[in-house]
Amino acid sequence: MNNVQFDQNSLKPGKWIRSTCKMCLHSCSTRVHVTDDGVINKIEGDPTNPSNAGKLCPKGNAGIMRHYDPQRFKQPLRRTNPAKGPGIDPKWEAISWDEAFEITAREIKKSLDEDPRKIMPSLEDFQKMHIWNWPLALGTRNFYQSGGTMCGGAYHPLNGYVHSTFGAVNDARHCNYWISNGAGDGFSSHLHAAAASHWVAKARVERGMKVVAVEPRMSIAAAKAEEWVPIRPATDRQFAMSLSHVLVNEGLCDYVFLRKDTNAPYLVGPDQYFVRDADRQIYVWDTSSNSAKLWNDPTLKNENLALEGEYVVNGVKCRPAFQVYKDTLKDASPETMEKITTVPAATVRRIAREFAKEARIGATITLPDGRTVPLRPAAYNYYRGAQGHKTGMQTNQAFQLVNMLIGNIDHPGGRCGVTLTDGSVDNNHCYPGECGQMLGTPHQLGPMPDFSWPPNEYHLAGFFPVGVHPPHLNMLSFLEPEKYGSTFKPDVLVNCHSNPVWAIQGPRDKWLQFLREMRFIVCVDVIPTEMTDFADIILPANDYLETFNGTMIEPPYTEGICFRQPITAPIHDTKSEEEIFFELSERLGVLDQYNEVINMILGFEQKPHLKLQPGKKYTDRDIAERVGLLWNDKPIEWYMEHGHSSTERRLDKLYRPWEGMRLLFYIEDLVYQREALRQKFEDAKVPFRDEWPFDDYQPLPTTVLDPIHLEPKEYNLYAITFKDIQMNFGEGLSNPWLKDITYRDPVHTGLLLNRGTAQKLGFADGDIVLVESPYGRLYGRLTTTEAMHHETLGVSNSLSRTKNENRSVLMAGGHYNDLLPYDMRNTDGATGQPETSCRVKLTKLDDWPDFLKHGSTVYDFVDSIQKAEGKGGQHNG
Ligand SMILES: Nc1nc2c(c(=O)[nH]1)N[C@H]1C(S)=C(S)[C@@H](COP(=O)(O)OP(=O)(O)OC[C@H]3O[C@@H](n4cnc5c(=O)[nH]c(N)nc54)[C@H](O)[C@@H]3O)O[C@H]1N2
Ligand SMILES: Nc1nc2c(c(=O)[nH]1)N[C@H]1C(S)=C(S)[C@@H](COP(=O)(O)OP(=O)(O)OC[C@H]3O[C@@H](n4cnc5c(=O)[nH]c(N)nc54)[C@H](O)[C@@H]3O)O[C@H]1N2
Ligand code: SF4
Ligand SMILES: [Mo]
């Protein structure tokens with residue numbers, strides 16, 4: 001590689017090595033400078049990867065500080081203090097690797113022999129699906145990690161139905177009108193934050209792409225947008241449906257697309273199923289002959305398919321799916337929805353019209369591959385903030401229907417599906433389903449466990465046939481084992497790259513009790529966290545600058561493997577996760593099973609010569625090598641030189657990858673799934689079958705209110721949480737560079753409350769307050785601002801620190817997640833998606849509670865920065 005262009009950045013002589021970032025779960029390509037004496041002194045973006053194009057976010061640059069963090073685990077450790085709790089010193093004792101493996105394998109084996117379901121895994125490295133799926137080799141389908149549902153519980157299954165992909169994002173390369181709804185895409189978070197913000201910035205500078213941010217908080221996206229539309233939390237579905245109301249009733253839809261490329265014309269009966277003939281073929285209405293015909297009748301022309309009207313076919317009253325939604329939308333006029341969302345009806349009507357105009361319905365574009373396809377440069381983007389609510393599946397579908405109505409799905413400028421990984425360059429991700437439809441693939445992370453009663457999974461995953469693992473429901477089995485039919489209790493926790501003590505919702509004190517009741521906890525991590533404080537054994541991992549890996553992870557415009565390689569040898573007595581899990585597998589007698597799991601999960605089965613063989617252990621290098629070979633047959637030496645095989649995404653996989661199939665405007669499968677599940681609950685006489693939220697499964701969204709809006713009135717505010725580009729979750733704020741920039745930003749140093757609301761309620765800037773929800777509490781200092789919706793309290797992730805042994809992590813006034821519910825009432829019956837916002841009330845306090853007066857807290861730290869900068873600041877004792 002050409003060194004000349006890089007040398008300006010290194011003071012000491014050395015070399016540049018190409019690799020991949022892992023400071024968040026995504027995978028930007030990097031070039032890392034290491035001096036001749038072996039010190040990493042610079043991490044930059046690699047301009048040869050067309051995804052991040054030389055850009056990194058602050059976390060990427062700060063990886064250096066993780067690598068040299070003096071707090072890193074430096075050798076295997078054994079706990080000697082049996083007491084476990086926040087701030088309690090585990091009294092670690094250094095032990096040898098052999099002893100650490102022996103103890104760990106022995107303790108896991110006890111449960112494996114008794115009942116594998118007693119093993120509770122929490123393995124959450126998105127860049128290493130082969131570690132994530134290790135428990136399949138043990139025969140446990142339990143799950144205790146935090147990323148399961150909190151972000152994408154409903155988003156991923158719905159994307160599976162709509163795009164047959166894991167993720168989706170607006171196409172910044174062509175989009176001119178970007179609705180940003182509760183997501184940091186292109187600005188601060190979500191997909192490849194560093195890469196996406198580059199693409200969005202280009203779109204804005206080069207084409208003047210307009211951004212409308214719909215958020216309770218003036219996020220980074222909102223601050224840069226042409227327009228910020230403050231919205232009441234957890235009402236985004238109602239907002240989206242009010243937009244659709246305008247599109248549908250003002251004729252602002254792409255009717256050609258709906259007729260040709262979706263199942264919107266398919267006729268739906270009163271039982272919510274499509275109307276079919278004896279061979280299960282679906283009927284449509286032909287307006288030219290004014291009669292019903294089967295979907296594949298050769299005399300049918302797409303332009304004659306009825307989208308509206310009511311018909312009788314074989315004696316059954318029916319309507320096209322489009323008409324069914326149009327009828328539902330009668331209740332969703334902007335005027336009616338305004339009362340729920342607080343967004344003025346006139347604003348909704350204007351945005352809907354602007355959106356439809358910018359969509360340029362009818363326009364086409366000729367792609368470099370010769371195809372002429374629709375150009376739809378307007379799109380609705382959303383993620384965790386908007387979708388992370390009780391009725392998640394319906395909510396996600398409501399957002400996607402805004403896109404579908406203007407015909408932008410998988411079209412240039414529109415809403416494009418993004419695969420988690422393709423495995424091999426030749427794989428397409430769309431498959432034909434029945435009656436001309438695309439097959440919906442809700443199980444993007446693999447199939448869910450089968451239904452069983454009593455349940456085989458402590459977190460009840462078998463009750464969510466199209467969902468994602470709902471870890472918060474472990475708490476139901478823990479607190480009410482009789483009710484939830486628990487016949488076993490997990491007693492061993494295997495944790496790697498996951499910090500559920502921080503990340504999971506519900507009361508921390510109960511979760512801590514949950515952990516205290518484990519017979520044995522092992523953590524594979526790089527630094528001390530809230531979670532590792534509970535470990536009995538620490539198996540210290542190499543960090544990402546010391547290991548090999550190959551991964552892809554949702555880059556919208558590119559495909560290929562981002563390759564990681566050691567920049568230095570491990571600087572401590574640590575091991576790669578691969579070495580750890582192969583060794584444990586061997587000692588547990590499941591090595592062959594594990595190798596088979598990896599062959600399946602990483603797709604090595606597709607090229608048999610790459611398959612892992614029975615009886616053999618493999619290194620991180622071996623796995624990375626195979627991932628590269630699977631992709632493009634290039635040897636590892638090629639990857640070591642090039643750092644990645646990312647290329648522009650094959651256009652037939654990006655745009656209209658489902659050509660010739662109809663997209664699911666109407667998700668009939670959800671009706672089947674609901675009824676099948678209901679029957680299973682009936683047959684097994686599940687005691688709580690009458691209270692199970694079956695109604696959350698709907699083939700089209702409804703305007704039903706989420707229960708958060710029905711909390712007692714004394715909880716007069718909503719609370720939300722958020723992060724920004726420099727932050728990840730539990731880990732980032734132990735990194736001095738990231739901590740420093742975070743706590744200099746007033747957005748991250750106080751609980752954000754609208755200034756007018758503060759005045760009305762008698763609060764002032766700087767007040768110390770107690771925040772209470774119906775479920776929990778936290779303390780903090782108010783920052784008043786115009787940049788919040790008038791009913792909403794904003795709690796940055798920077799203010800959800802709890803006490804832990806990591807001396808770099810500052811305690812804040814509690815944890816936002818303590819405020820959240822963890823019950824079925826607030827969980828989507830269809831997907832397991834939990835509610836991630838809540839209702840709260842504030843009480844002004846004269847002083848901090850005692851536990852916040854001792855030791856260094858976030859607020860002390862902020863004060864000291866402000867003092868040093870001569871800005872005054874308050875001291876909290
Ligand atoms: N920088 C960075 N990027 C990341 C990550 C990271 O840690 N840091 N993590 C990755 C992961 S795992 C995930 S899941 C994604 C998450 O990515 P995002 O969903 O983009 O991130 P969040 O900040 O969780 O939420 C987005 C926004 O939702 C707003 N919000 C909260 N409640 C509501 C609401 O009820 N309605 C509306 N409209 N908005 C609301 C918040 O103010 C916030 O600005 O990011 C990924 N990318
Ligand atoms: N309040 C609040 N709660 C949230 C969220 C939020 O925004 N706000 N976000 C939710 C979401 S979307 C998600 S996905 C989850 C995320 O929850 P987690 O996945 O638990 O996220 P992290 O806190 O980043 O935990 C990752 C862990 O990996 C460790 N680690 C880092 N590098 C390595 C490595 O190379 N090897 C190993 N073995 N370990 C390593 C870190 O020390 C850290 O403990 O949190 C959820 N919870
Ligand atoms: S977005 Fe930032 S942290 Fe994530 S991979 Fe890219 S540079 Fe690293
Ligand atoms: Mo997430």
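1. The largest share of the shell around ligand 1, 3 residues, comes from β27. At least two residues of that shell are supplied by each of β9 (210–215), α13 (384–387) and β27 (717–722). Helices (H or I, at least four residues) and strands (E, at least two) are DSSP runs numbered from the N terminus.

2. The model is predicted: local features need pLDDT of at least 70, side-chain atom pairs count only at pLDDT 80 or more, and totals for chains, interfaces and linings use all residues. Residues are numbered from 1 along each chain as its sequence is written, chains are lettered from A and ligands numbered from 1 in the order in which they are written, and side-chain values use heavy atoms, with hydrogens and water left out.

3. Ligand 1 is surrounded by 32 residues, of which G184, E215, D236, R384 and M727 are the closest (near means that a heavy atom of the residue lies within 4 Å of the molecule). By class, 14 of the shell residues are nonpolar, 11 polar and 7 charged. Here Ala, Val, Leu, Ile, Met, Phe, Trp, Tyr, Cys and Pro count as nonpolar, Asp, Glu, Lys and Arg as charged, and the others, Gly among them, as polar.

4. Because domain 3 (155–263 + 323–441) and domain 4 (708–868) both give residues to its shell, ligand 1 lies between them. The domain bounds come from an automatic or database domain assignment.

5. An N or O atom in the side chain of K59 is 3.0 Å from a nitrogen atom of ligand 1, and a polar side-chain atom of R217 is 2.8 Å from an oxygen atom of the ligand. A polar backbone atom of I725 lies 3.4 Å from a nitrogen atom of ligand 1. Ligand 1 taken alone exposes 910 Å², and the protein buries 96% of that (Shrake-Rupley accessible areas, 1.4 Å probe).

6. Around ligand 2 there are 28 residues, with E124, N499, D525, E577 and N817 coming nearest. They divide into 11 nonpolar, 12 polar and 5 charged. Domain 2 (77–144 + 447–648) and domain 4 (708–868) each provide at least three residues of this shell.

7. For ligand 2, an oxygen atom is 2.3 Å from an N or O atom in the side chain of E124. A polar side-chain atom of D525 lies 2.7 Å from an oxygen atom of ligand 2, while a polar backbone atom of V524 is 3.1 Å from a nitrogen atom of the ligand. Ligand 2 exposes 910 Å² when taken alone, and 96% of that is buried by the protein. The elements giving two or more residues to its shell are α16 (500–503) and β21 (520–525).

Technical notes:
Polar contact = N/O pair within 3.5 Å; in protein donor to acceptor, adjacent residues only side chain to side chain.
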